[in-house]
Structures are given as C-alpha cells and as structure tokens.
Amino acid sequence: MLWPGGAPAHERTGVGFDRQTQQATVTKVVSVSCKSVNAGGQTPTGDTSTAEGSSAEQQAKGSCKKATIRVDTGDDKGRTFTEIVQPDQSRQLDEGEKVVVAYEPSAPRDLQYSVADVNRRFPMGLLAGIFALVVVIVGRLRGVMALVALAISFLLLNFFVLPAILQGSNPLVVAVVGASAIMLIALYMCHGLSARTSVAVLGTLISLLLIGVLGSQFIGWAALTGNTDDNTGLIHGLYPSIDMSGLLLAGVIIGSLGVLDDVTVTQTSAVWELHEANPTMGWRGLYRAGIRIGRDHIASVVNTLVLAYAGAALPLLLLFSIAQSSVGTVANSELVAEEIVRTLVGSIGLVASVPVTTALAALVVSADRPGAEAAGAGVGGSATAPPAPAPAPATSVSAGTADARPTPARGGKGRRRRH
C-alpha cells in the first residue's frame, strides 16, 4: 500500500546537493600574488584583530594558487576554466587531483563552473572492497549472506523508504514498515530459518514499536521540528508537505535497528547455548542466566550508542564549548535536544529489548523436552529411553570398533530384536 511510484520530480535549485555536477581534473597549479588576481586587498577596517581583517591582510600579502581545471564529463567535456585558491582556504588543489565541479547554466560563461569538492570515489571504493574481503574471510558463508543483506537494505532504503516519504506518506509508518522488512530479510538471510531467529525477530519488532511510540511522544512534547540545518531546510523548501518531525522520528527508528539486531540475536543465542549446556534447566533458570549476560550487554551497548551520537555531533558540541555556554543552554537548543532525544529513546528501546528477547527465548527453548531429545539419540534410533541410568550390562566390544552391544543374560530368552 505504501510502495511509491518514484520520487516526484522538481526543478533543480542549484543549492547544496541539488546542484548539477560533473567530474573534472586539476591539470595545472601555479603560485601567484593574491593582489595580482584581485583575490584580496587592504584590510577594510584596518583592524587585524577580527577574523575578517586578519583574513583580508593574509590574502593581500600572501601567495594564492591559480588552478586550471579540465571538465571530464558532460556536454562540456574537455572545457577548461581557472579557479583561484586563497591561502586560508581549507581545501587546497594539487596538480593531477580529481575533483567534482558544480555547473550553473544561468551564470556567465566564465563563471559557470566552480570546484565543489574532491573526488573520493577511489579511496572509498577501495575501503569498501577491503571491508567486504575481511567480512568474507572471517565470516565465510555467513559473511557473504551479511553483505547480500546489506545490499538489499540499501535497495529498500533507496527504492521504498526515501521515495515513499517524498511521495507524502507518513514517515513514521514508512520507517516502521521499511525497518521491519530490512530486519526480516537481514536476520533470516544471515542466521537461517529457525526458531532462534524468529525469537530475535519478535524481540526486535517489539523494541522497534516501543521506540516508535516513545519517539513520537517525546518529539512532540519537546517541540522538535526536525528542521535544524541547511539540508533539512532545503528538503522542507523543496517538499513543504513532508512532516519534518516525522522524518526525525523515522531516522531514530532506522538508526536504532542495527544495534537492536545485535542485541536480540546475541541474547537469543546466549539462551540457546545455555539450554544446550543444561537441557534440564527450566525457563525461569534460563531467563535468570540470560539476563545476567544481558546486563553486561546493556552497559556496553548504551555506551556505544551515546558515543556514536556524540561523535556525530562533535563539531556542534565544540562550538558550544568555544562559546562557553552552560550545560542547560546547550541541552535546550534544538540541535542538541534532537541528539539527546534520539539517544535516550534509542537507548530505552535497546535496554527493553534485553528482558523481552531473553524471556521469549527462554519460553521457546524450554519447550524442548530433554526426554524427547534423548529418545532420538539412542543407538539405532531406539524409540524409548530409560528415565534413570541403570547398571551397565556386560558388553561385547569388537577390537577396532566403536560400538558396544549388550550381551543377553544367562537363562534369558535371547537377544531382543533391534528396531
């Protein structure tokens, strides 16, 4: 019902990621005086203590770079243009470097192209190849299936989740449905069709629903709009009908899914292994033993999640530190409040997934009766098993063989027929 027919079309704005871009190469770089290319001038106010004044003085007295760039793709392939790189710019160009250039057709011909970014395709592709190789070498068949599941997850995000949100569907519903589909495909592909995997699926689904309910409530109570930076502002400008707070909630759900899978699968496997080690243990004993393992898991996972979000927001936190803002002021700002709500809601879902999944796993695995297992493990597939060990009868063991056959007692009626 939510499957989109494709993202609705729009005219390019030329802003941010919506610019037309082409691939290009820096063919020549020469050093020139900044004054000669009019890249700087005298300090406008004469005050070098300000950032603007210091930058202007550096440009006026410093040496700039004049780069010649050749366009390698598109209709203007082979066309060259020049760009001045000032000494205080963070990105410096080198001869032979591959770059991405932005194209603005409405600008004057000499100003239509400008360097937008560095081409990072090769190092990123190489790193992705190393990652895939390591996963396959260590994980073997499961590693291959994990990579396939990862590819399917990206396809679902690109062809279902994102276009459905752009189409105007409720972001929360789209996120829950999309995350559930990703979870089902990833878990069953990586861990096989089994009761163990199904328990992990149920635990993950219950936790996702809890995260969705908590996130929806607290994003509303905290009055978070989800429109806090240039990218979200551009999205809102292009598609005013999109619920930006719902988009924020969708990000919380999808972002929590990966860690949830790890927690639920680990807890389920722990309970199953405890049952294998002691088949006579009841579900209460399995739950108590599993939850002790889960407490260690909770401590490490919550810390991991908090640090992951803090790392992503580190430049923002650094700005607040420079401004010497109080903790209350920083936490109350919408930019930081988003990360706090995201972290706490996801962490609550992760913590809740441990007892939920452990209880489900203990109930399911305890249904395996030890007597039934022993019955199927007898020699020759015997259908019965004694409830308690009996004195071992005399046996006749052939040299060089591994089986021992009971010898009938004296005065008996002979050897019983083997079924």
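Buried means under 20% relative accessible area, exposed means over 50%, and partly exposed is what lies in between, with a 1.4 Å probe and protein chains only. I start there since those words come up throughout.

This is a predicted model, in which local features need pLDDT of at least 70, side-chain atom pairs count only at pLDDT 80 or more, and totals for chains, interfaces and linings use all residues. Residues are numbered from 1 along each chain as its sequence is written, and side-chain values use heavy atoms, with hydrogens and water left out.

First, the overall picture. The protein has 419 residues, and 32% of them are buried. Its secondary structure comes to eleven helices and seven strands; helices (H or I, at least four residues) and strands (E, at least two) are DSSP runs, numbered from the N terminus.

Next, the charged pairs. A salt bridge here is a side-chain nitrogen of Lys or Arg within 4 Å of a carboxyl oxygen of Asp or Glu. That rule gives a count of four. In one of them, Arg120 meets Asp117 at 2.9 Å, N to O. Arg120 is partly exposed at 40% relative accessible area, and Asp117 is partly exposed too, at 26%. Arg79 and Asp76 also form a salt bridge, at 3.4 Å, N to O. There, Arg79 counts as buried at 14%, whereas Asp76, at 21%, counts as partly exposed. Arg70 bridges to Asp72, with the closest N and O atoms 3.0 Å apart; Arg70 is partly exposed at 32%.

Now the aromatic rings. Rings of Phe, Tyr and Trp (its six-membered ring) pair if their centres lie within 6.5 Å; planes under 30 degrees apart count as stacked, over 60 as edge-to-face, and the rest as tilted. How many aromatic pairs does the structure hold? It holds four. One of these is Phe81 with Tyr113, stacked, at 5.8 Å centre to centre and 20° between the planes. Phe81 sits in strand β3 (residues 80-85) and Tyr113 in strand β5 (residues 113-118), so this pair ties together parts that are 32 residues apart in sequence. Phe81 is buried at 9% relative accessible area, and Tyr113 is buried at 7%. Phe218 and Trp221 make an edge-to-face pair, 5.2 Å centre to centre with 75° between the planes. These two are three residues apart in helix α4 (residues 195-221), separated by about one helical turn. Phe218 is partly exposed at 38%, while Trp221 is exposed at 64%. Phe81 and Tyr113 also belong, with Tyr103, to one aromatic cluster.

Last, the surface. Phe122, Leu126, Ile130, Leu133, Val134, Ile137 and Val138 form a nonpolar patch, with about 750 Å² of accessible area together. Patches are made of residues with over 30% relative accessible area and no salt bridge; like charges are joined within 9 Å, and nonpolar side chains (Val, Leu, Ile, Met, Phe, Trp, Tyr) within 5 Å. Phe122 lies in helix α2 (residues 121-167) and is exposed, at 65% relative accessibility.

Note on methods: Areas by Shrake-Rupley, 256 points an atom, 1.4 Å probe, with all protein chains shown as cover.
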